[in-house]
Amino acid sequence: MSEPADRQPAETSPGAAPPAGAGPLVVLDAVAHAYARTPALRGVSLAVAPGEVVALTGPSGGGKSTLLHVAAGLLAPQAGRVRLLGQDLAGLGEAPRAALRRRGVGIVLQYGQLVPDLPLVDDVALPLLLEGSALEPARTAAREALALVGLEGLGDAVPAGLSGGQAQRAAVARALVAQPRLVLADEPVASLDPEGGRQVLDLLVSVARRGGGLLLVTHDNAVAARADREVRLSGGVVAHEAVLR
Ligand SMILES: Nc1ncnc2c1ncn2[C@@H]1O[C@H](COP(=O)(O)OP(=O)(O)OP(=O)(O)O)[C@@H](O)[C@H]1O
């Protein structure tokens, strides 16, 4: 996953990520959100520091996926504030939010969300291509990322030809290809066998071990046990928090 030489965002432009080491990677402060009349988050505060792996756990419907979408700026909360890579999302329009995500955040959503009919190599290369990388260096980085998740040689495959586990691995490759400082991942290893899950989790955790951050939604206690901190959401509030290491 080499950094293309032409990928040098201006640090001062709107949506640009601040320099490394400049405080928490994401901060949610008293965030609330409801879908129509269904409350999903009711005043949640949470931060992920550089170098930290945080597991978000709790019962189904507790608000985990909603929190991840809010943290990513994909969903605007109805109350509270979100700072992503040092930027207050309330002050950013849709285009600068998208630019901020592309430059510093890798996102794995629950169902992979690969682009139908697009060969995997190009799907995984998308974050680099959208940032202006030339096609061939982006494809080279994408092939390297695919190899890291165990999908070497599958660059020409399309999503319809993949197993659920392969699609999940590809989504992780796409999230990591641009070397993000923060990864937000919703059940990223749920479709994998235990050994495959461990390998992919190792890769995700390595982002934090290099000084980035990982916020990981999981129902799996063994996966949560890899985190530095566990935050349990239930009924849209933080029901429990534990430092694991
Ligand atoms: N798009 C939506 N429209 C309406 N209600 C929604 C929507 N998404 C989530 N909800 C509701 O918001 C609440 C929180 O859902 P959310 O998906 O965030 O929980 P979760 O903890 O991620 O659940 P799971 O573990 O099952 O994925 C639930 O009551 C859910 O039914």
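β1 and strand β4 (residues 79–84) pair in the antiparallel sense over 5 bridges, where pairing requires that DSSP finds at least two bridges between two strands. This is a predicted model, in which local features need pLDDT of at least 70, side-chain atom pairs count only at pLDDT 80 or more, and totals for chains, interfaces and linings use all residues. Residues are numbered from 1 along each chain as its sequence is written. Helices (H or I, at least four residues) and strands (E, at least two) are DSSP runs, numbered from the N terminus.

**Strand pairing**
- Leu 28 has Val 82 of β4 as its bridge partner.
- Strand β1 (residues 26–35) also pairs with strand β2 (residues 38–48), in the antiparallel sense over 8 bridges.
- Tyr 35 is bridged to Thr 38 in β2.
- The hairpin of β1 and β2 has 2 residues between the strands, and Ala 36 in the turn has a positive phi of about 50°.

**Helix packing**
- Helix α5 (residues 164–176) packs against helix α6 (residues 194–209) at an angle of about 10°, with axes 11 Å apart; axes are lines fitted to C-alpha atoms over the stretch in contact, and angles run from 0 to 180 degrees between N-to-C directions.
- α5 is therefore roughly parallel to α6 (angles under 35 degrees).

Terms used
Angles under 35 degrees count as roughly parallel, over 145 as roughly antiparallel, 65 to 115 as roughly perpendicular and the rest as oblique.
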